[in-house]
Amino acid sequence: MYHIKPEKRTRASAQLITEAVLRLLEEKTFEQITITDVQRASSVSRSTFYRAFDRLEDVLELLCDRGFAEAFRLNEGTIPEAVFRYWSRNSLVLETLVRIHRTDILYNSFRRSASELEEMRALADDQRQFDYFASIICSGMMGILTAWVEHGKTESADEGLQQVYGAIGKAIELMFFPEG
């Protein structure tokens, strides 16, 4: 879990840490990065790191939360379009999460972000229905993004979106019209 307080100094330290992790991910795998590496690359002390983050994976969580917030702020079409376009342009964190088998971080981040989207809330009659709806959307998008990374990101964002829409249509067909 990350603990970024609203104080200017804490936010600045968290920014230095996230930037350092992104730079380090350009040079080595996540498994090779240590807190000491982050400390040196960010120029923050070890205690400052631990005031903001419990562990290194929490930096990825913060980057995901920021990523989804940015994707939805940019409002590039539908929710799948916004998500896929953002992560296709900013795939380093996504690739890392898939490689270290921590797509749960991506999923949980998406769920937190999606719960704040009014256009999604408007589609549900109550909180329970919204929770199911959001789970379906988040699970589907995480599966598609994971498959896209695992297949080497060979499709462009638009081609990937065509895969998304085709897969959603096929899934609905198979789930609700198995004979058809």
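D37 touches L24, K28 and Q32, leaving out residues up to four places away in sequence; contact here means heavy atoms within 4.5 Å. The side chain of D37 also makes a polar contact with the side chain of K28, at 3.1 Å. This is a predicted model, in which local features need pLDDT of at least 70 and side-chain atom pairs count only at pLDDT 80 or more, while totals for chains, interfaces and linings use all residues. Residues are numbered from 1 along each chain as its sequence is written, and side-chain values use heavy atoms, with hydrogens and water left out.

**D37 and its setting**

- D37 lies in helix 2, residues 35-42; helices (H or I, at least four residues) and strands (E, at least two) are DSSP runs numbered from the N terminus.
- With a relative accessibility of 17%, D37 counts as buried; buried means under 20% relative accessible area, exposed over 50% and partly exposed in between, with a 1.4 Å probe and protein chains only.
- A polar contact, such as the one between D37 and K28, is a pair of N or O atoms within 3.5 Å; within protein, one must be able to donate a hydrogen and the other to accept it, and residues adjacent in sequence count only if both atoms are side-chain atoms.

**Overall fold**

- The chain has ten helices and zero strands.
- The C-alpha trace spans about 60 × 35 × 25 Å along its principal axes.
- Of the 180 residues in the chain, 39% are buried.
- Among contacts between residues at least 6 apart in sequence, 64% join residues at least 24 apart.
- The accessible surface of the chain is about 10,300 Å², and 53% of this belongs to carbon and sulfur atoms; the areas come from the Shrake-Rupley method with a 1.4 Å probe, and for residues only the protein chains shown count as cover.

**Aromatic pairs**

- Rings of Phe, Tyr and Trp (its six-membered ring) pair if their centres lie within 6.5 Å; planes under 30 degrees apart count as stacked, over 60 as edge-to-face and the rest as tilted.
- By this rule there are eight aromatic pairs.
- The rings of F68 and F72 are stacked, because their centres are 6.2 Å apart and their planes stand at 25°.
- F68 and F72 both belong to helix 4 (residues 57-74) and are four residues apart, about one turn of the helix.
- F68 and F110 are also a stacked pair, because their ring centres lie 4.8 Å apart and their planes are at 5°.
- This second pair links distant parts of the chain, with F68 in helix 4 and F110 in helix 7 (residues 103-114), 42 residues apart.
- F68 is buried at a relative accessible area of 0%, and F110 is buried at 0% relative accessibility.
- Ring pairs link F68, F72, Y86, W87 and F110 into a cluster.

**Nonpolar core**

- The largest nonpolar core has 48 residues, of which L56, V83, F84, W87, L106 and F110 touch the most other members; such a core is a set of buried Ala, Val, Leu, Ile, Met, Phe, Trp, Tyr and Cys residues joined through side-chain atoms within 4.5 Å.
- Helix 4 supplies the largest share of this core, eight residues.
- Not counting residues up to four places away in sequence, F110 touches F68, F72, I79, V83, I137, C138, M141 and M142.
- G67 lies in helix 4 and is buried at 0% relative accessibility.

**Helix 9**

- Helix 9 (residues 127-150) has 24 residues and reaches 34 Å from its first C-alpha to its last, close to the 34 Å expected at 1.5 Å a residue; the expected span is 1.5 Å times one less than the number of residues.
- Buried residues of helix 9 include F130, A134, C138, M141, M142 and W148.
- At the start of helix 9, a side-chain oxygen of D126 comes to within 3.2 Å of the backbone nitrogen of R128.
- G152, which follows helix 9, has a positive phi near 85°.

- Most residues other than glycine have a negative phi.
- S43 has a positive phi, near 65°; S43 lies in the loop between helix 2 and helix 3 (46-52) and is exposed at 64% relative accessibility.
- K153 has a positive phi, near 50°; K153 lies in the loop between helix 9 and helix 10 (157-176) and is partly exposed at 30% relative accessibility.
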